[in-house]
Amino acid sequence: MPPAAAPAPADQPRTFDDERTLLVKVFGKDRPGITTGLFATLADFGVEVIDLEQLVTRGRITLCALVTPPPGGSPEAEGALRVTVHRWAEEQRLQAEIISGIGDNAPRREGRSHVTVLGHPLTAAAVSALAARITEMGGNIDRIFRLAKYPVVAVELAVSGVATEELRPALVAEAAAQHVDLAVVQAGLHRRANRLVVMDVDSTLIQDEVIELFAGHAGCEDKVAEITSAAMRGELDFAESLRARVALLAGLDASVTEKVRAQVRFTPGARTLIRTLQRLGYQVAIVSGGFTQVTDHLVEQLGLDFAAANTLEVVDGKFTGRVTGEIVDRAGKARWLRRFAEQARVPLEQTVAIGDGANDLDMLNAAGMGVAFNAKPVVREAADTAVNVPFLDTVLYLLGITREEVEAADAVAD
């Protein structure tokens, strides 16, 4: 048996690439004190800890420690360590395994990505298909952990060995075939950097189409809804359809705005999403093809950083059937995204855009991450990331934020 390597000089980082190491693994029913007990046992032999990982699934613990052999490299000392660890494990009604080898973990390969998978439900067939596609492309799954168990099951895979730009389209296609949602982002420090999140309003932040709420008070809801649907499917130019719908509101008393504001229903998870983003220091904006008469109220309610929308013209207390100022259409939404990013001093690649309609496409494509939320087919097909469950806060999982972290932050605030 080769002797243990001499310690590295104090001014040099120590590596264990060519040294003998021991992988100590214990598993069984979890309870308090297992980690303490194992490392107290190992401490008696003077070993150094190189790596460790612990996982608890349905009350069963798997605890792994990569350590150096006892100092001096004595076979007797290593044998005593093995006997002592196994004896301790038996006393704790655990199973133990000790594997000798050389070196530390191999470094992760280039081409590193975070792959987030959302399932409602998440089936074994979907996981198998996605894992197979990663393998086929020459990638490796280095780690998997769960982000959330409700309202959807969300897991994150750390993948290496294949470029993010190559991995994303292949996995997006596979996810669609398996009926799960998926996001692929490049690993790196930028994931923890300051971000700007810009979202559409109608049918995204809120469940309603604001123009239809106004139309309900004007008695032309069905006609407006028909035009809205065609525009969201990309069958009509948005600016043209906006003017056609707004014209139907001519003569409506502007005081109805208060009633419309009271009718607005937030999408499930919307408040949680915004509250959590703000706690993280993210800046949040809305950009809407709807109207400032409603979005200004949303900004005040939610404490948003930026907003842009169309404005219904009012003369003598009544809507004229026209809008004033720059129209926020498909191209306009992308322009406002860039303006907000510049004002927030956030690089465009650090922006996240969320939307559901065809008029959101330019914005989704311009952002660093574009999320199609319960979107029309034309949008889902064009977006890199799609969420098809009715919970807006699931977007947090795409950013690597866990449900436990969200709940812990809420508990502290309460």
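Helices (H or I, at least four residues) and strands (E, at least two) are DSSP runs, numbered from the N terminus. D316, for example, lies in the loop between β11 and β12 (318-324). This report concerns a predicted model, in which local features need pLDDT of at least 70 and side-chain atom pairs count only at pLDDT 80 or more, while totals for chains, interfaces and linings use all residues. Residues are numbered from 1 along each chain as its sequence is written, and side-chain values use heavy atoms, with hydrogens and water left out.

**Loop residues with positive phi**

Phi of D316 is positive, near 55°, in a residue other than glycine. D316 is exposed because its relative accessible area is 77%. H179, in the loop between α4 (164-178) and β8 (181-186), also has a positive phi, near 60°, and is not a glycine. With a relative accessibility of 72%, H179 counts as exposed.

| Bond | Omega | Loop of the proline |
|---|---|---|
| H120 and P121 | about 10° | between β5 (113-119) and α3 (124-136) |
| Y150 and P151 | about 0° | between β6 (140-148) and β7 (153-160) |

T228 is found in helix α6 (residues 221-232). This residue counts as buried because its relative accessibility is 2%. Contact means heavy atoms within 4.5 Å. Apart from neighbours within four places in sequence, T228 is in contact with E209, I211, E212 and R245. A polar contact is a pair of N or O atoms within 3.5 Å; within protein, one must be able to donate a hydrogen and the other to accept it, and residues adjacent in sequence count only if both atoms are side-chain atoms. The side chains of T228 and R245 are joined by such a contact, of 2.8 Å.

E226 also lies in helix α6, but E226 is exposed, with a relative accessible area of 61%. Its C-alpha atom is separated by 21 Å from that of F373, 147 residues apart along the chain.

Axes are lines fitted to C-alpha atoms, for helices over the stretch in contact, and angles run from 0 to 180 degrees between N-to-C directions. The axes of α6 and helix α7 (residues 238-247) come within 10 Å and cross at roughly 170°. The two helices are therefore roughly antiparallel, a term for angles over 145 degrees. On the α6 side the residues are V224, I227, T228, A231 and M232, which meet F238, S241, A244 and R245 in α7. By class, this contact has six nonpolar, two polar and one charged residues. Ala, Val, Leu, Ile, Met, Phe, Trp, Tyr, Cys and Pro count as nonpolar, Asp, Glu, Lys and Arg as charged, and the others, Gly among them, as polar.

**Helix α11**

Helix α11 (residues 330-344) has 15 residues and should span 21 Å at 1.5 Å a residue, which agrees with the 22 Å between its end C-alpha atoms. The expected span is 1.5 Å times one less than the number of residues. D329 caps the N-terminal end of α11, with a side-chain oxygen 3.4 Å from the backbone nitrogen of A331. The buried residues of α11 are G332, K333, A334, W336, L337, F340, A341 and A344. Their cover includes β9 (196-199), β10 (283-291), β11 (306-315), β13 (351-355) and α12 (361-366). After α11 comes R345, whose phi is positive, near 60°.

Note on methods. Buried means under 20% relative accessible area, exposed over 50%, partly exposed in between (1.4 Å probe, protein chains only). Angles under 35 degrees count as roughly parallel, over 145 as roughly antiparallel, 65 to 115 as roughly perpendicular and the rest as oblique.
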